[in-house]
Amino acid sequence: MDDQNRNLILATVLSFGVILAWTTLFPPEEIPVDPATEVAASVEDPTLPAADPVTPAAIPPTSQTEAEAEAPRIPIATDELTGSISLLGGRIDDLALVQYRETIDDDAPIVRLLRPVGQPGAYFASFGWTAITGVDPAAVPGPDTVWSLDSGETLTPTTPVTLVWDNGAGQIFRTEISVDDRFMFSFAQSVENLGEAEVSARPYGLLRRHGEPADLKNFFILHEGLVRMTDGQLEEASYKDIRNYSFNESERTQAERLEVQQSGWIGYTDHYWMTTLIPDQSTPFRSTSKYFDSRDLFQAEAVLPITTIAAGETATVTTQLFAGAKEWDAIRGYQNDGVDRFLDSIDWGWFFFLTKPIFALLHYLNIIIGNMGWAIIGLTVILKIAVLPLAYKSYVSIAKMKELQPEMEALKERVGDDRQALQQGMMKLYKDNKVNPAAGCLPILLQIPIFFSLYKVIFVTIELRHAPWFGWIEDLSAPDPSSFINLFGLLPFAAPAQGSILSLIFIGILPILLGISMWLQQKLNPAPTDPTQKAIFAWMPWVFMFMLGSFASGLVIYWIANNIITFTQQYAIMRSHGSKPDLFGNIMGDRAKKKKAAEGEDSK
């Protein structure tokens, strides 16, 4: 077995092994959830006040279903969002994304992000105050305070609304709520002290989620759960991690809290959606993640510093709430406006140094071209140009190795079974002719991190979700929906459902094109003489064809384009160095050998 083929097989097996491990050796972990916990009665009372009044403890969970249903609502209407604000707690608990549907069908319902208590998967944001001194704990607004509408009728980007609550003890609390044209709300919480003594309180914002999301992917490549930034340090905690929190005496429940000194944010991220509390980025705050086991409640809090309001004075504190789609352009805009490292809320993974620039380039190509499928092909061309110097050296080395084939064959005949002499002779040949036998596998090795990075980008970014290419490819984030079992739609019955075992066998057009492109790329070189190598090479394109058949079609498009460009580059470079790949001869040569072997069997 010569070194050229050995290195190529090594690189190929490595690629195959890593991809196989990526998809099969790390199955998503199932987290059993007892549905009864959603409505179970609380064992410990989470409404107990804090032992230390300076440390607001459990901002209480509650199940005010009847009050929630009866509370008046304020409509929300923007080009991106629709829903309403409940005057019970001033909650944003009814929010849907106008531009996104649950499936690619035109009549599919739009995506709902937040839901009120009493509905499955209740999930809301609320803002309030915790009493410190000079005011009774019951005389500050909390999650169950019924506010009144002070001004405004409908929350739009041009018309904010203001809520008001008078505690009857000399303090008037107001919350002015505004929203921009994307996904950012602002809550300006103010206290007007009409009393004769100063009062102190701490403003807070909270996100409360009843149980895990129903569409939780539980896939290791994707983070879902808590995400927060603390003075430049990103933390991600899955729902399982949150359930395993230790009991915190100060919070009177399972919790982990951090004191943010300069800047940060805290929230929950789903596959494509996110809600995040963002205090003023120059203000310290307490970032707390809680879990109430008896009621299966997840809660994220941003508790701001104590605000002291002198008699006759008014104090205002503003906190932002991001609630919407994890669009790269929108989140980048908020980061540029001062939200510290907000782009890191998107799960870029271990290869973030590749996934971030790859997606940025893909994004700008999509803006120029206007189609994400063609943008992927454009990205492939750019990446191949970027690695062309290395690929050039590799293909030149391959051409020189082919030139040495007659000398290698003569060396094998001369030394016979003496493997040590064969190795020494081959190394001398390489050295004398300045050939690097390891260079041949370099292009394949370079593809591995790029492939995984693009796989990550296609899987986690919302810009690929439901993005069409042309024809039958209507969602680049999903597998090719066609299938040869119904002749790619010509026969009057549907293809196997995506995710079924049959769909892994009866693959579509793109995976078949992938297998053919890999097979043609192999035929640039004669088949190895070693039977083991020959068998591996013969099966490899078709194994990859079926294995990648269930991958996102955008990724398969990248791989096909990469194979075609690699084929063209290798053919041109090898010809420019005197090596003339005989593609047709290699294909027909394989057939001739098979025919000759069959005739030999028949003659016996």
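Mentor: Phe-470 has a relative accessibility of 39%, so it counts as partly exposed; that class lies between buried, under 20% relative accessible area, and exposed, over 50% (1.4 Å probe, protein chains only). Trp-472 is partly exposed too, at 30%. Please keep in mind that this is a predicted model, where local features need pLDDT of at least 70, side-chain atom pairs count only at pLDDT 80 or more, and totals for chains, interfaces and linings use all residues. Residues are numbered from 1 along each chain as its sequence is written, and side-chain values use heavy atoms, leaving out hydrogens and water.

Now to the pairs. Rings of Phe, Tyr and Trp (its six-membered ring) pair if their centres lie within 6.5 Å; planes under 30 degrees apart are stacked, over 60 edge-to-face, and the rest tilted. That rule gives 31 aromatic pairs. One is Phe-219 with Phe-220, edge-to-face at 5.3 Å centre to centre and 85 degrees between the planes. Phe-220 has a relative accessible area of 35%, so it is partly exposed. Phe-470 and Trp-472 are also edge-to-face, because their planes stand at 80 degrees, with centres 6.0 Å apart.

Phe-219 and Phe-220 also belong to one aromatic cluster, whose members include Phe-451, Tyr-455 and Trp-559.

Charges join in as well: a charge sits over a ring if NZ of Lys or CZ of Arg is within 6 Å of the ring centre and within 35 degrees of the ring normal. Arg-91 lies over the face of Phe-124, 4.3 Å from the ring centre, while Arg-209 lies over Tyr-123 at 4.0 Å.
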